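My notes follow the order in which I checked things.

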Amino acid sequence: MTGPVPGFHRGVATYYETSDGRRVDIDPAVVRTVLSLLGPPANPPAAAPVQPAGPLPEVPRTWGWMLQLYGLRSAGSWGVGDFADLAAFTRWAKSTGAGAILVNPLHAVAPVDPLPASPYSPSSRRFVNPLYLRVTDLPEYRDATAAVRAAVDALRPAPAADGLIDYDGVWRAKRAALTLLCPAGAARVPAERSDLTDFAVYCALVGDHGPDWRTWPAELRRPGPAAYAVADPAAVAFHTWLQRRCAEQLAAANAAADGMSVGIIHDLAVGIDPGGADAWTLQDVIAAGAKVGAPPDAFNQQGQDWGLATWSPDRLADTGYAAWRTLLRDIFRHAGGLRVDHVAGLWRLWWVPPGQSPARGTYVYYDDAAMLGILVEEAKLAGAVVVGEDLGTVEEVVTTTLQDRNILGSAVLWFTRDDDGRFLPPGDWPDNAMASISTHDLPTAAGFLSGEHVLARAEAGVLTRDVKVEWATATADRTALLDLLDAEGLTGPDSTDEEIVLAMHQLLLRTPCRIVLASPYDVLGEVRQPNLPGTTTQYPNWRVPLPLTLEDLTTDARMKQIADLFNA
């Protein structure tokens with residue numbers, strides 16, 4: 001650990017300071033519980049200590065698009081954007097001068113019905129979600145008989161009646177089609193363990209025992225001979241084949257970015273499903289029982305429990321950070337960059353002990369020099385860019401270290417304000433950052449202007465203040481933004497909402513940020529945001545498609561207008 005660290009024992013904080021400098025002491029019982037989750041002190045690492053890495057090369061000034069892939073649908077995809085859509089969009093973006101595409105996490109989820117929708121609660125960050133496969137691009141489809149191709153084509157799902165993305169219907173259809181196409185043969189589970197086989201065995205066991213390995217028979221709760229012996233060989237072969245085809249199609253999408261200054265930037269979720277594949281296969285380095293979240297603050301007085309498992313710092317160090325390095329290397333193989341969600345988690349994470357509320361947690365510290373050193377090393381080897389999501393309140397050491405290493409931070413219009421809440425003029429934005437109007441968890445441009453984010457939260461019942469107060473705040477925020485746009489000469493008193501959205505993008509362009517991103521949701525006037533934090537069934541999280549198909553989107557005048565603006 002480097003930089004100023006509050007009182008702690010074996011990396012477990014005994015107190016911490018809030019953003020306003022107030023000291024919060026942790027209940028000693030919580031500290032003892034978290035220490036017990038860490039287990040006995042680790043042995044000295046077998047591997048040599050990670051040496052501090054120098055900075056990454058300076059990121060070239062460029063622009064691009066932020067894409068929720070599942071929402072990008074085309075004539076060839078089956079109701080969910082897929083790898084072929086990503087390749088096609090990337091080729092189009094490159095042709096318009098774009099240098100970067102930020103895509104949502106593509107991590108694997110448990111292969112169950114109903115299919116988990118959130119890309120930020122993955123079963124595995126090391127493998128890929130086969131939902132994104134383009135079935136008709138598979139060599140097995142091209143080589144199949146006419147009868148088999150007809151049978152596959154007949155499985156294509158009809159659009160959902162409500163206009164939302166139907167993950168379950170799409171997965172059932174694709175799973176049936178992929179089952180028809182999977183090569184037959186004398187399937188057997190390999191005797192030698194590998195990361196891919198472990199993952200495929202987990203997926204096979206899910207079919208018989210459910211997606212949470214902690215509820216499986218005791219002899220199956222760890223990868224090894226017993227689990228390998230009972231896993232259906234055909235199912236193991238199926239999931240192994242799916243991952244190999246995912247890698248091929250993802251590589252093709254990445255190849256479409258050849259010639260772009262950055263390329264496709266993948267998104268790394270902060271943690272994993274504690275009952276999922278990575279938690280099963282990496283038990284030696286995962287903190288069993290602990291979940292990560294956030295402490296109480298002014299916005300959420302109860303704190304947050306994200307329900308995600310994470311690394312044990314002692315065990316990770318004891319294994320020479322092999323799992324962390326492997327994870328990064330696998331992602332960089334098919335990426336021009338990586339966005340690290342909640343990058344402050346490389347320094348410390350808020351652990352919530354089993355059975356406790358998120359308010360009764362504490363910070364656990366990691367060796368940030370090792371975590372960052374490996375991240376920078378692997379990014380250099382891949383020639384990739386790294387972006388850290390450092391929104392909200394983060395320690396100063398996080399910001400300064402990212403800057404020193406040429407890791408970009410994140411600058412979002414809704415959050416880029418001074419201490420009095422006023423929107424910052426573009427010249428005051430950070431240069432070492434990736435800029436955007438919004439994120440997947442925040443209002444779209446049209447949603448912000450119309451107050452849709454207030455309506456949605458009110459309808460979902462998740463407002464923490466009276467709705468009149470929320471409306472007053474939203475009105476004041478809109479006025480403050482218009483004041484800035486007017487002061488910059490970008491809008492006038494008679495500007496339409498569409499002209500105001502264009503002005504927001506012009507504002508981004510005036511910042512010194514190294515990468516400037518636009519979102520099709522903003523450009524095309526979608527009022528619904530992709531995800532509404534704090535909701536589950538009350539809001540269609542991750543199921544809001546783009547309002548236009550890929551074919552129409554790439555010929556839309558508004559998309560061309562933004563490309564022309566950013567290229568000027």
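**Burial first.** I call a residue buried under 20% relative accessible area, exposed over 50%, and partly exposed in between (1.4 Å probe, protein chains only). I looked up Glu 395 with that scale: Glu 395 is partly exposed, with a relative accessible area of 21%.

**Ground rules.** This is a predicted model, where local features need pLDDT of at least 70, side-chain atom pairs count only at pLDDT 80 or more, and totals for chains, interfaces and linings use all residues. Residues are numbered from 1 along each chain as its sequence is written, and side-chain values use heavy atoms, with hydrogens and water left out. My helices (H or I, at least four residues) and strands (E, at least two) are DSSP runs, numbered from the N terminus.

**Salt bridges.** I count a salt bridge when a side-chain nitrogen of Lys or Arg is within 4 Å of a carboxyl oxygen of Asp or Glu. By this rule I get 32 salt bridges.

I started with Asp 82 and Arg 134, whose side chains meet in a salt bridge at 2.5 Å, N to O. Asp 82 lies in the loop between strand E5 (62-67) and H2, and Arg 134 in the loop between strand E8 (124-128) and helix H3 (139-142), so the pair ties together parts that are 52 residues apart in sequence. Are Asp 82 and Arg 134 buried or exposed? Both Asp 82 and Arg 134 are buried.

Next I returned to Glu 395. Its side chain meets that of Arg 348 in a salt bridge (3.6 Å, N to O). This pair links distant parts of the chain, 47 residues apart: Glu 395 is in the loop between strand E15 (385-388) and helix H13 (396-404), and Arg 348 is in strand E13 (residues 348-352). Arg 348 is buried, at a relative accessible area of 12%.

I also noted Arg 422 and Asp 418, a salt bridge with the closest N and O atoms 3.1 Å apart. Asp 418 counts as partly exposed at 25% relative accessibility. Finally, I found a network of salt bridges that links Arg 325, Arg 329, Glu 377 and Glu 378.

**The sheet.** Two strands pair if DSSP finds at least two bridges between them. I traced an open sheet of 8 strands in the order E15-E12-E9-E6-E5-E18-E17-E16, with parallel pairing. Which strands stand at the edges? They are E15 and strand E16 (409-412), each with a single partner strand, so one side of each is left without a neighbour in the sheet. The twist averages 25° from one strand to the next.

I then went through some of the pairings:

- E5 and strand E18 (residues 515-518) run parallel and are joined by 4 bridges. Gly 64 stands opposite Leu 517 in E18.
- E17 and E18 pair in the parallel sense over 2 bridges. Met 434 stands opposite Ile 515 in E18.
- E16 and E17 run parallel, joined by 4 bridges. Val 412 stands opposite Ser 436 in E17.

I checked both faces of strand E17 (residues 433-436) and found them covered. Ala 433 and Ala 435 on one side, and Met 434 and Ser 436 on the other, are all buried.

**Helix H2.** My axes are lines fitted to C-alpha atoms, for helices over the stretch in contact, and angles run from 0 to 180 degrees between N-to-C directions. Contact means heavy atoms within 4.5 Å. H2 lies across E5, strand E6 (100-103) and strand E9 (263-268), and runs at about 155° to E5.

How do the axes of H2 and H8 cross, and at what angle? The axes of helix H2 (residues 83-95) and helix H8 (residues 233-255) come within 8 Å and cross at roughly 10°. That makes H2 roughly parallel to H8. For that label I use angles under 35 degrees; over 145 is roughly antiparallel, 65 to 115 roughly perpendicular and the rest oblique.

On the H2 side I listed Phe 83, Leu 86, Ala 87 and Thr 90, which meet Cys 246, Gln 249, Leu 250, Ala 252 and Ala 253 in H8. By class, the contact has 7 nonpolar, 2 polar and no charged residues. I count Ala, Val, Leu, Ile, Met, Phe, Trp, Tyr, Cys and Pro as nonpolar, Asp, Glu, Lys and Arg as charged, and the others, Gly among them, as polar.

I took a second look at Thr 90 in helix H2. Thr 90 counts as buried, at 0% relative accessibility. Leaving out residues up to four places away in sequence, Thr 90 touches Ile 101, Ala 253, Ala 256, Ala 257, Met 260 and Ile 264.

**Last check.** Pro 233 is found in helix H8 and counts as partly exposed at 29% relative accessibility. Pro 233 and Arg 188 are 45 residues apart in sequence and 4.7 Å apart in space, C-alpha to C-alpha.
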